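Hi everyone, thanks for coming.

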Amino acid sequence: MAPASGTSRRESPAKAGSIMAVETRAADGRSETRTGASIAPLFAAHIERFNAGVRSSDFGPMIDHFTDDATATFETLPIGPFHGRAEIEQGYRDHPPDDEIDVISTTEPDARTIVARFAWHRTGQTGTIRLGHRGDALTDLTVTLDPEPRRPDPVALRGDFPILRQEIHGHPLVYLDSASSSQKPQVVIDALDAYYREYNANVHRGIYTIGEKSTAEYERARAKVARFINAPEAHEIVFTRNATEAINLVAYSWGRRNIARGDAIVLTEMEHHANLVPWQLLVQEKDGDLEFIPITDDGVLRLEIYEVLLRLRPKLVAFTHVSNTLGTINPVRQMVDMAHDVGALVLVDGAQAVPHVPVDVQELGADFYAFSGHKMLAPMGSGALWARRELLEAMPPFLAGGEMIREVHLRRSDWNDIPWKFEAGTPAVGDAIGLGVAADYLMEIGMDAVREHERELVAYALEVLPARVPEIQLYGPLSPDARGGVVPFNLPGIHPHDVAQVLDRFGIAVRAGHHCTMPLHERLDLAATARASFSVYTTRDDIDRLADGLVEVLGVFRD
Ligand SMILES: Cc1ncc(COP(=O)(O)O)c(C=O)c1O
């Protein structure tokens with residue numbers, strides 16, 4: 001192929017299992033080499049030209065995008081020719097440093113073509129890159145952006161969730177308990193099925209085909225989860241059974257080494273028991289103190305009091321990103337900055353955030369981020385802890401046994417590298433693989449779109465429920481912008497358990513009780529609440545059905 005003016009270019013093979021490299025050399029001798037998915041970010045400025053029919057032989061000028069001091073490093077996953085993720089370290093002229101493309105799936109329709117679906121991480125905009133190659137030459141390259149960022153069509157998405165097709169007591173199931181646990185799409189069910197049917201084997205052990213596949217898929221899932229929350233590297237993801245285990249891991253490992261007599265830990269009044277009880281145990285053992293950021297009556301954190309509590313110079317601040325009971329979305333970045341200013345580390349409980357809002361752990365700036373898989377469309381028994389590498393490396397093991405060691409002698413042992421140092425024993429391999437598939441599914445929809453969908457549902461519920469059921473008492477922030485897809489409520493004089501039981505007769509599933517936030521209920525002077533919570537598959541029709549159901553409940557208890 002003829003070199004573009006002022007440059008020369010060499011293209012090397014794009015074979016399955018290898019990585020494709022494009023090297024661009026400018027007239028002044030500067031050169032850039034890009035491999036695999038790392039080529040993708042360069043397309044941004046060229047998309048229009050490519051779509052107008054300009055082919056890869058005009059690749060040369062891309063070098064102009066790089067400022068003199070820019071560096072770019074790229075992580076390519078060892079799973080095929082075009083899976084991977086580009087990370088721009090210092091940015092280049094047209095894009096900020098954190099502008100990234102995620103390659104979300106790759107197919108090879110024939111021996112000479114690779115088709116990759118990609119998403120701009122920041123905007124969620126999706127598209128297709130089609131690469132043609134012959135031997136070791138790149139022959140064709142087309143980038144097509146989807147016309148609109150994909151928005152979830154919940155009605156269509158429902159078809160992906162087999163459980164929603166059933167009837168309960170003669171009514172189509174309306175599942176409004178996704179904050180407790182989400183339903184699972186067919187792709188996740190298929191992934192579990194394929195794992196157990198085709199390559200069930202322990203990881204990091206078997207020198208045989210299905211053992212190697214099991215290991216590769218397990219580690220591939222880790223990379224997907226890292227991409228989902230924009231972790232700097234996959235090895236900072238520790239697989240756990242759920243958010244509770246992730247938080248306990250930090251409390252036991254980091255906490256027991258770093259919290260001493262008189263040290264303070266700052267929590268909030270809205271914490272789930274999972275982000276409260278482990279810290280109670282820790283301070284009881286170490287003779288430390290717990291302090292709590294209070295909330296307003298609308299369920300918003302009082303940051304002016306937080307500021308005062310920080311004067312105690314706490315060692316740790318731990319709070320939920322999104323409240324499971326009120327839906328409040330907390331200002332994580334601001335709270336993290338305030339904590340860091342006084343030298344405190346920050347743990348964020350992301351159990352109710354990752355399924356519903358875009359999460360970028362680098363942008364949030366926290367030190368630990370814990371979440372469950374089963375609330376984000378993944379199998380039960382899956383979850384993860386993200387923490388900064390240097391913290392994980394300095395922390396002692398949590399559980400001990402196989403997998404987490406490098407060498408064992410009768411009286412002492414050496415630990416494995418992270419993250420395996422924290423994954424003692426045989427992990428839940430299929431569940432972790434399912435978690436990776438769920439992350440892919442959500443990324444394909446785009447978390448901005450998921451958030452917008454749920455924001456609209458909350459707005460609709462806050463309008464329709466009081467209009468149809470004037471007696472209803474709603475709790476939490478009044479603005480849909482300030483809350484996730486969670487709507488707690490009560491009907492006067494009717495216990496929430498009775499509300500839930502009558503709704504069940506109409507096929508409507510809501511949670512009733514204290515939702516593992518007893519101190520929050522005490523603060524709001526409530527014995528219990530009923531709670532409707534949403535996910536990608538929730539529709540306006542579900543909310544209409546809830547309103548109908550509540551009218552029925554009132555009828556039952558009036559009679
Ligand atoms: C905010 C929050 N944190 C932690 C948890 C605990 O999650 P898991 O039971 O999956 O460990 C939950 C579960 O409801 C939650 O809502």
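**The seven-stranded sheet**

Okay, let's begin with an open sheet of 7 strands, in the order β13-β19-β18-β17-β16-β14-β15, with mixed pairing. β13 (237-240) and β15 (289-293) are at the edges with a single partner strand each, so each has one side left without a neighbour in the sheet. Going from one strand to the next, the twist averages 20°. And before I go on: what we're looking at is a predicted model.

A quick reminder, if sheets are new to you: their strands pair through backbone hydrogen bonds, and the pairing is either parallel or antiparallel.

Let's zoom in on one pair. How do β17 and β18 run, parallel or antiparallel? They run parallel: 3 bridges join β17 (residues 345-349) to β18 (residues 368-372).

Helix α6 (residues 277-286) lies across β14 (264-268), β15 and β16 (316-320). Its direction is at about 145° to β15.

**The ligand**

Next, the ligand. How many residues surround it? The count is 13, and the closest are N242, T244, N324, A351 and S372. Sorted by class, that shell has 8 polar, 4 nonpolar and 1 charged residues.

**The four-stranded sheet**

There's another open sheet to find, this one of 4 strands, ordered β22-β23-β26-β25, and its pairing is antiparallel. β22 (473-474) and β25 (511-513) are the edge strands, each pairing on one side only.

Take β22 and follow it to its partner. It is joined by 2 bridges to β23 (residues 486-490), and the two run antiparallel. Within β23, N490 is the bridge partner of Q473.

This sheet has a helix across it too: α13 (residues 496-505) lies across β23, β25 and β26 (529-533), and runs at about 160° to β25.

**Helices that pack together**

Stay with α13 for a moment. It packs with helix α15 (residues 540-558) at an angle of about 115°, and their axes are 9 Å apart. The crossing is right-handed. Who touches whom? On the α13 side we have V499, V502 and L503, and they meet G549, E552, V553 and V556 in α15. By class, that contact has 5 nonpolar, 1 polar and 1 charged residues.

Now the other helix pair on my list. The axes of α3 (residues 186-198) and α11 (residues 429-445) come within 9 Å, crossing at roughly 150°. From α3 come V187, V188, A191, L192, Y195 and Y196, meeting V429, G430, I433, G434, V437, A438 and Y441 in α11. Which classes do we get there? The contact of α3 with α11 has 11 nonpolar and 2 polar residues, and no charged ones.

**Two backbone details**

Last stop, two spots in loops. First, I418 and P419 are joined by a cis peptide bond, with omega about 5°. You'll find P419 in the loop between β21 (413-415) and α11.

Then there's H169, in the loop between β10 (167-168) and β11 (171-172). Its phi is near 50°, a positive value in a residue other than glycine.

Okay, that's my tour. Over to you for questions!

Technical notes: Residues are numbered from 1 along each chain as its sequence is written. This is a predicted model: local features need pLDDT of at least 70, side-chain atom pairs count only at pLDDT 80 or more; totals for chains, interfaces and linings use all residues. Two strands pair if DSSP finds at least two bridges between them. Axes are lines fitted to C-alpha atoms, for helices over the stretch in contact, and angles run from 0 to 180 degrees between N-to-C directions. Two residues are in contact if their C-beta atoms, placed from the backbone, lie within 7 Å. A residue is near a molecule or strand if its C-beta atom, placed from the backbone, lies within 6 Å of it. Ala, Val, Leu, Ile, Met, Phe, Trp, Tyr, Cys and Pro count as nonpolar, Asp, Glu, Lys and Arg as charged, and the others, Gly among them, as polar. A crossing is left-handed if the near helix is turned anticlockwise from the far one by less than a right angle, and right-handed if clockwise.
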